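Dear colleague,

Here is the structure I promised to pass on to you, with its sequence. Please look it over before reading my notes, which follow below.

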Amino acid sequence: MLTGMQIAVIGGDARQLEIIRKLTELDARLSLIGFEQLDHAFTGAVKEKLDEVDFSNMDAVILPVPGTNLEGYVETIFSNEKVILTAEMLKKTPDHCTVYSGISNNYLNGITKEANRQLVQLFERDDVAIYNSIPTVEGTIMMAIQHTDFTIHGSNIAVLGLGRCGMSVARTFHALGAKVKVGARKSEHLARITEMGLTPFHLNDLGKEVKDTDILINTIPLQIVSASVISKLPAHTLIIDLASKPGGTDFRYAEKRGIKALLAPGLPGIVAPKTAGQILANVLAQLLQDDLSKRKGKIK
Ligand code: NAP
């Protein structure tokens with residue numbers, strides 16, 4: 001239980017509602033900033049304006065998945081209020097206050113450092129990334145179906161990268177009956193791809209390996225699907241780029257060649273916001289519980 005914890009939940013989309021639901025169930029007291037247009041009320045959660053918040057008693061600050069933008073704005077889809085998080089606000093929090101976000105950037109790193117508060121990026125955790133790969137794959141399947149006139153079953157699919165996303169993508173498309181090959185650079189990844197019953201290839205051979213590809217799915221956050229690679233793809237190939245913005249594809253060249261290339265960021269929040277929110281809520285609840293237990297241990 002999180003009884004006695006005071007937490008500021010600042011901005012966010014439908015995923016944040018699952019976090020609010022979970023934390024209020026665990027008896028935390030929440031200040032909701034950027035939620036005034038939300039019809040639903042949660043017992044134990046109070047909607048507040050940013051300038052009304054008493055940061056001096058906050059044990060934690062929870063930001064949406066993107067954290068802030070580079071000017072400090074926090075995305076608030078349930079509000080028209082402009083919410084900017086500053087170092088001054090964080091400095092008012094107690095020393096033990098932790099800031100949670102999905103990812104970070106120079107601005108958020110800068111203000112948490114200036115205020116000397118710990119920043120936890122949930123998407124850096126393996127467990128979150130692996131759970132998140134499940135709705136990501138489902139979103140990828142949805143895009144493959146929407147943007148092709150052939151079945152996934154029987155088609156040639158090349159997946160780039162055998163990380164947390166790549167592995168789930170490759171496994172699921174294989175299970176749907178596609179002929180899946182996976183490109184990686186590490187010998188242990190090539191071994192794992194073979195063990196999974198898929199066709200491995202080294203990324204050095206990417207140009208040679210994509211000649212018969214129907215769908216190319218990239219998970220490598222690096223300009224890897226270059227003009228030279230795209231020039232070797234059949235004209236009907238669909239490229240789905242899952243890597244974080246700006247993706248790993250030369251989109252300009254793909255368009256020039258008439259090859260459909262889609263950058264597909266944030267699929268979990270689009271196709272399964274409830275599940276994506278629950279993934280974050282469960283991990284956050286555990287982290288907050290650990291934090292509370294640690295502090296209680298110190299006080300004893
Ligand atoms: P990950 O586990 O770190 O996997 C990244 C993959 O890229 C690994 O196979 C890694 O191989 C490879 N890689 C990285 N740098 C490379 C390089 N210089 N050359 C060759 N290969 C390289 O990350 P993930 O969790 O799978 O996420 C992959 C990407 O998808 C990230 O950009 C993430 O933000 C994004 N993502 C998008 C969505 C969405 O909805 N679109 C959802 C979740 C994640 P090595 O081990 O050899 O480095």
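In what order do the 6 strands of the open sheet run, and is the pairing parallel or antiparallel? Bearing in mind throughout that this is a predicted model, the order is E11-E10-E9-E12-E13-E14, and the pairing is parallel. Strand E11 (199-202) and strand E14 (260-263) stand at the edges with a single partner strand each, so that one side of each has no neighbour in the sheet. From one strand to the next, the twist averages 20°.

Helix H4 touches strand E12 (215-218), strand E13 (238-241) and E14, and its direction makes about 155° with that of E13. Helix H6, made of residues 187-195, packs on the sheet where it touches E10 and E11, and the angle between its direction and that of E11 is about 160°.

I then turned to the pockets. The largest pocket holds about 1,600 Å³ of space, and its lining consists of 47 residues, those nearest the centre being Phe123, Leu242, Ala243, Ser244 and Lys245. Helix H4 (126-146), which also packs on the sheet, supplies at least two residues of this lining, as do helix H5 (164-175) and helix H10 (267-271). Sorted by class, the lining of the largest pocket comprises 22 nonpolar, 18 polar and 7 charged residues.

The second largest pocket has a volume of about 190 Å³, and among the 11 residues that line it, Thr98, Tyr100, Gln118, Asp291 and Lys294 are the closest to its centre. Strand E7 (98-101), strand E8 (118-121) and helix H11 (273-299) are the elements that give two or more residues to this lining, and H11 provides the largest share, with 6 residues. By class, 3 of the residues lining the second largest pocket are nonpolar, 3 are polar and 5 are charged.

Lysine 245, which is one of the residues nearest the centre of the largest pocket, is joined to proline 246 by a cis peptide bond with an omega of about 10°. Proline 246 itself belongs to the loop between E13 and helix H9 (251-257).

For aspartate 27, phi is about 80°, and the residue sits in the loop between helix H1 (14-25) and strand E2 (29-33). For asparagine 116, phi is near 60°, and its place is in the loop between helix H3 (106-115) and E8, a strand that also contributes to the lining of the second largest pocket.

With best regards

Definitions and conventions
Residues are numbered from 1 along each chain as its sequence is written. This is a predicted model: local features need pLDDT of at least 70, side-chain atom pairs count only at pLDDT 80 or more; totals for chains, interfaces and linings use all residues. Side-chain values use heavy atoms; hydrogens and water are left out. On a 1 Å grid over the protein atoms alone, a cavity is a set of points where a 1.4 Å probe fits but cannot get out, and a pocket is an open set with protein on both sides within 12 Å along at least five of seven lines; lining residues have an atom within 4 Å of a point. Grid points are joined across faces, edges and corners, and a volume is the space filled by probe spheres set on the points. Helices (H or I, at least four residues) and strands (E, at least two) are DSSP runs, numbered from the N terminus. Ala, Val, Leu, Ile, Met, Phe, Trp, Tyr, Cys and Pro count as nonpolar, Asp, Glu, Lys and Arg as charged, and the others, Gly among them, as polar. Two strands pair if DSSP finds at least two bridges between them. Axes are lines fitted to C-alpha atoms, for helices over the stretch in contact, and angles run from 0 to 180 degrees between N-to-C directions. Contact means heavy atoms within 4.5 Å.
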